[in-house]
Amino acid sequence: MVELNTSRLDAVFHALGDATRRHMLRELANGERSVSQLAEPFSISLAAASKHIKALESAGLIHREVRGRTHLCRLAPGPLASAHEWLCFYERFWTERLDVLDQLLRSEDACKPSALNQGDDK
C-alpha cells in the first residue's frame, strides 16, 4: 500500500468527520462561495463558520482568498484524492474477502442435497 502523509490524512478525515464541513465541501464543488454563503444553510454565526472553514483549510481541502472584506473559498480536491486512495485499499481488501466468502457459500450450497430430494426418500 502506498504510504500517505499521515498527519495530512488525519486532518482530511477529521475535516470530513463533520456533517457541516461535508456540506460546505459539497457546496464548494459547485463553485466559489463566500463564508457568509457557506454559513447560511446552517443558521450559524460567521465565527462558527470560520472555525469549520479553518478545519477545511488545515486539511488542505479549500483555499480562502480575501477580496476586500469578503473571504471567498474554493475547493482544493487534491487531499480528497489521497483519502480516496487510502479508502480504495480497504475497498479492495473487503471485496476480495467477500468474494472468497461468496465462493465458499456457493460451494457449500452445491454440496448439500436439495430439500426436494430429501422428501423423496421417505
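This is a predicted model: local features need pLDDT of at least 70, side-chain atom pairs count only at pLDDT 80 or more; totals for chains, interfaces and linings use all residues.
In which helix is the place of Arg26? Arg26 belongs to helix H2, which covers residues 19-28.

In sequence, Arg26 and Leu75 are separated by 49 residues, yet their C-alpha atoms are 8.9 Å apart in space.

Leu75 brings me to the strands. Strand E3 runs over residues 70-75, and two other strands pair with it.

The partner I take up now is E1. E1 and E3 pair in the antiparallel sense, over two bridges. One of the residues concerned is Arg33, whose bridge partner in E3 is Cys73. Ser34 also lies in strand E1, which consists of residues 33-34. Is Ser34 buried or exposed? Its relative accessibility is 11%, which is under 20%, so Ser34 counts as buried. Apart from neighbours within four places in sequence, Ser34 is in contact with Thr70, His71 and Leu72.

The other partner is E2, residues 62-67, which is antiparallel to E3 and joined to it by six bridges. Here Arg64 stands opposite Cys73. E2 and E3 form a hairpin with two residues between the strands. In that turn, Gly68 has a positive phi of about 65 degrees.

I turn now to helix H5, residues 78-111. Why do we regard its length as consistent with its residue count? For 34 residues at 1.5 Å a residue, the helix should span 50 Å, and because its end C-alpha atoms are 50 Å apart, the two values agree. Pro79, Ala83 and Cys88 are buried in H5, and the buried residues of this helix pack against helix H1, residues 6-16.

How many aromatic pairs does the structure hold? There are four. In the pair of Phe13 and Trp86, the ring centres are 5.4 Å apart and the planes stand at 65 degrees; that angle is over 60, so the pair is edge-to-face. This pair links distant parts of the chain, since Phe13 is in helix H1 and Trp86 is in helix H5, 73 residues away. Phe13 is partly exposed, at 30% relative accessibility, and Trp86 is likewise partly exposed, at 28%.

Trp86 also pairs with Tyr90: the centres of their rings are 4.9 Å apart and the planes are at 50 degrees, so this pair is tilted. Both residues lie in H5, four residues apart, or about one turn of the helix. As a general point, an α-helix has 3.6 residues a turn, so residues three or four places apart point the same way. Tyr90 has a relative accessible area of 34%, and is therefore partly exposed.

Finally, which residues make up the aromatic cluster? Phe13, Trp86, Phe89 and Tyr90 form one cluster.

Key
Residues are numbered from 1 along each chain as its sequence is written. Side-chain values use heavy atoms; hydrogens and water are left out. Buried means under 20% relative accessible area, exposed over 50%, partly exposed in between (1.4 Å probe, protein chains only). Contact means heavy atoms within 4.5 Å. The expected span of a helix is 1.5 Å times one less than its number of residues. Rings of Phe, Tyr and Trp (its six-membered ring) pair if their centres lie within 6.5 Å; planes under 30 degrees apart count as stacked, over 60 as edge-to-face and the rest as tilted. Two strands pair if DSSP finds at least two bridges between them.
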